[in-house]
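This report goes through a few features of one protein model. Please look over the sequence and the structure before reading on.

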Amino acid sequence: MKIYLDGVIESGTGALLEPYADESLGLGPRYYSQEKLNEYVSRIDAMGLQVHVHAIGDAAVRMALDAFETAREANGVTDNRHHMTHLQLISKQDLPRFGELDIGASFQTLWAYPDAAALDLDIPMIGEERTWQMYPLASVHNAGGRINGASDYYVTSMNPLLAIEVGITRQDPYSNEGPILNEDERVDLATMIDAYTINGAYTMKLDDVQGSIEPGKRADLVVLNRNLFELDPYEISDAYVTMTLFDGRTVYQRAE
């Protein structure tokens, strides 16, 4: 079940812990009270269902984490594998809670570089300091959280190679130039590949049959034209798929 906790920062509808630069926007809206959210998440969790939360502002992220913690206190530890998506801003004190509560962190890493939207829209809304703290991949990962790769297609490209490159470089993958969106939040290639394979499979409760290449699992895989581990990170998005296998069957073969 999907729950939207807020909107987006660019329109002043993301839920923040500290006010927007435009004082008329305040902290942004909350679509639910904390009490109602706790009630919903606990009830859904008790039914054995997975909760998928849209949370962009740091206040929305905290509300979701508080609700997941309340559900755990009410129902005990379950294997429902709840997760959140977007996570544009996260308070530092909430970073370790993803790992502690086993909440998946689904990032659109293709957004994690200073594109025109970040520079022209986000800075006027939340200021430079918070803008440069957006999409804290490394912080969540280093604190023990599980990162998932996501695209939010069709808002942006669902090509994982573009997103993998940006997760590593935090720079424009098209020009390979320009500013870096907080180099401390860079992660390595292995982390990004996990985000797009085994971590996603875990979130879908399919890690026992897919998400890695090993005996006993389905042969769901792609063959690339180049070994990503031998490339300069800025060349990753130039690689392409030569073959796709689904459950061991070739379903795509690139014509050379």
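Which residues form a nonpolar patch on the surface? The patch consists of Met1, Met47 and Leu49, and their accessible area together is about 310 Å². The model is a predicted one.

## Leucine 49

The loop between helix H1 (34–46) and strand S2 (52–55) contains leucine 49. Its relative accessible area is 34%, so leucine 49 counts as partly exposed.

In soluble globular proteins, nonpolar side chains tend to be buried together. Here the largest nonpolar core has 60 residues, and Phe68, Met84, Phe98 and Phe107 have the most contacts inside it. Helix H2 (residues 58–75) supplies the largest share of this core, with 9 residues.

Leaving aside residues up to four places away in sequence, phenylalanine 98 touches Val61, Leu65, Met84, Leu87, Ile90, Ile103, Gly104, Ala105, Val140 and Gly145.

## Helix H2

H2 is made of 18 residues. From its first C-alpha to its last, H2 reaches 26 Å, close to the 26 Å expected at 1.5 Å a residue.

Which residues of H2 are buried? They are Asp58, Ala59, Ala60, Val61, Met63, Ala64, Leu65, Ala67, Phe68 and Ala71. The buried residues of H2 pack against H1 and S2, and also against strand S3 (83–86) and helix H3 (97–101).

Terms used
Residues are numbered from 1 along each chain as its sequence is written. This is a predicted model: local features need pLDDT of at least 70, side-chain atom pairs count only at pLDDT 80 or more; totals for chains, interfaces and linings use all residues. Side-chain values use heavy atoms; hydrogens and water are left out. Patches are made of residues with over 30% relative accessible area and no salt bridge: like charges are joined within 9 Å, nonpolar side chains (Val, Leu, Ile, Met, Phe, Trp, Tyr) within 5 Å. Accessible areas come from the Shrake-Rupley method with a 1.4 Å probe; for residues, only the protein chains shown count as cover. A salt bridge is a side-chain nitrogen of Lys or Arg within 4 Å of a carboxyl oxygen of Asp or Glu. Helices (H or I, at least four residues) and strands (E, at least two) are DSSP runs, numbered from the N terminus. Buried means under 20% relative accessible area, exposed over 50%, partly exposed in between (1.4 Å probe, protein chains only). A nonpolar core is a set of buried Ala, Val, Leu, Ile, Met, Phe, Trp, Tyr and Cys residues joined through side-chain atoms within 4.5 Å. Contact means heavy atoms within 4.5 Å. The expected span of a helix is 1.5 Å times one less than its number of residues.
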